[in-house]
Amino acid sequence: MGRAAPVLPVLAVVALLAVPVAGPAGDGSASSGTVADAASALLVLFCLVRALRDRTRPLTRTAALVLGLPVFGVSVAAITSYDPASSLPGVARYLQIFVLVPGALLLLIRHRRDFRLVAWSMVVLALVQGLIGVVQYLTGTGASYMGEDVRAVGTFGPTDVMGMATVVSYGMVAAVGLALGAGAEPGPGGGHETPRRQRALALGCAALLFLPLVLSFSRGAWIATVVAVTLQLALSGLRRAARVALVAAALGVVLVGGLGIGSQMVSERVGSITEVTEAPDRSVTDRYTMWAAAAGMWRTDPITGVGLKGFPAHRDSHSSIALSSGSDTAGAGKAFQRQPLLSPHNMYLLILGEQGIVGLLALAGSWTALLVLALRRLPGARRGRTGTDCALVAAGLLIWQLVDFGYADIGGPSTVLTAVVLGLAAWWALDRRAHRREDGDADRVADRGTERRTTAEVGAV
């Protein structure tokens, strides 16, 4: 436990996401402040105190630039906002998710074992939320979907139907990365026993998470997970990718086709992905109408946008009559209510509308830099047999997030986990310690070198 002390606050943030979410705010939107958010603030404070006490080296120039880009974009948007006062909560939220918490993880994670510990905590959280979601589907106590209370939402409730889907997706991608990279790095005794046990356990967890992900009925999470896992498989080897793809397809056929678990609803949900122009459902119509509204805001203020938290105030003036007044939410222990549409459910368009091209270049530039640096370090990890699993976890989670941002944006209790994901990716992409030998390996190498020098000296005498 002493070795894990620096990342214990990170584990606390992840664990507190299992706490049931409080009721919606007075305006019908999901409440934004949670115990996990409070824990993330304490995490940043803990990191600051520890850095000052230990006189930790500052971030490298590259790390400071990559993590500092969002600060520039957010600051410009806040200063030029039509209502600077109302933009202040947005400034705090963006800095929390994209700068402060990722920066704290970058400084607190010291070894690959710390990285793996955080990744495994995300898998455990996903299993807990997924189990609750499956029970909700089987007992009819989930969120309302197609007139039935069967949508798996975990502890996040009907006002944040993407919460459980996001957590389960993170857990599955992390488990796949841990499984694919296991066995490539020597264990404590010089062999591969521990990583190979990790592979079996991680594969089992990924298989268990498949069902709750399906029962979340979240199209965006499905698409992002398929893309992320496919790229993880391709990065780990094409032959292995083909084998795992066949196993995954067989698992899907057994669970959905053979056992009939949600087969009709799932097939209709999958079919709705392509029904954009011919017969879209209400959620698709609202989504594309809000996308058009965000694009309209950008055309009005292309450089700096309408300001942080400005989308709700400018939405109606840029929307067509096709936009409904809100989405219906019910089930999972909550009464029926109308939830207002306060964001376009597309992170890139939200940034473009509220922060303009300056904000989009700053934030998207930071994420792109993280992805490029993480992928550049993957071949070296495979050749040196040092942390291939960490590389695949970091790359997979970041790819998932960038794809999912095309269908979702920040908001809701699960958003703090996005900050943890970006922190893991930042550590792998920017910290040199991610690619050094583990302490035990380095000690063994040093001991063997000392033995050789001692033998040579004895021979000389």
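Tutor: Let us start with a term: buried means under 20% relative accessible area, exposed means over 50%, and partly exposed lies in between, with a 1.4 Å probe and protein chains only. By that rule, 52% of the 461 residues of the protein chain count as buried. This is a predicted model, where local features need pLDDT of at least 70 and side-chain atom pairs count only at pLDDT 80 or more, while totals for chains, interfaces and linings use all residues. Residues are numbered from 1 along each chain as its sequence is written, and side-chain values use heavy atoms, leaving out hydrogens and water.

Student: Why is F405 called buried?

Tutor: Its relative accessible area is 3%, so F405 falls under the 20% limit and is buried. F405 is found in the loop between α14 and α15 (415–430).

Student: What does F405 touch?

Tutor: Contact means heavy atoms within 4.5 Å. Not counting residues up to four places away in sequence, F405 touches F98, N346, M347, Y348, W367, I410 and T418.

Student: Why is Y407 called partly exposed?

Tutor: Y407 has 32% relative accessibility, which lies between 20% and 50%, so the middle class applies. Y407 also sits in the loop between α14 and α15. Leaving out residues up to four places away in sequence, Y407 touches G220, I223, R287 and H345.

Student: What makes α3 a helix, and which of its residues are buried?

Tutor: Helices are DSSP runs of H or I with at least four residues, strands are runs of E with at least two, and both are numbered from the N terminus. In α3, the buried residues are A63, V66, L67, P70, G73, V74, A77 and A78. An α-helix has 3.6 residues a turn, so residues three or four places apart point the same way.

Student: How do you know that α3 bends, and where?

Tutor: The bend at a residue is the angle between axes fitted to the seven residues ending there and the seven starting there. At G68 that angle is about 35°, and a proline, P70, follows within four residues.

Student: What makes a nonpolar core, and which residues have the most contacts inside the largest one?

Tutor: A nonpolar core is a set of buried Ala, Val, Leu, Ile, Met, Phe, Trp, Tyr and Cys residues joined through side-chain atoms within 4.5 Å. The largest has 120 residues, and Y94, F98, M122, M347, L417, W428 and L430 have the most contacts inside it. Helix α13 (residues 347–384) gives the most to this core, with 15 residues.
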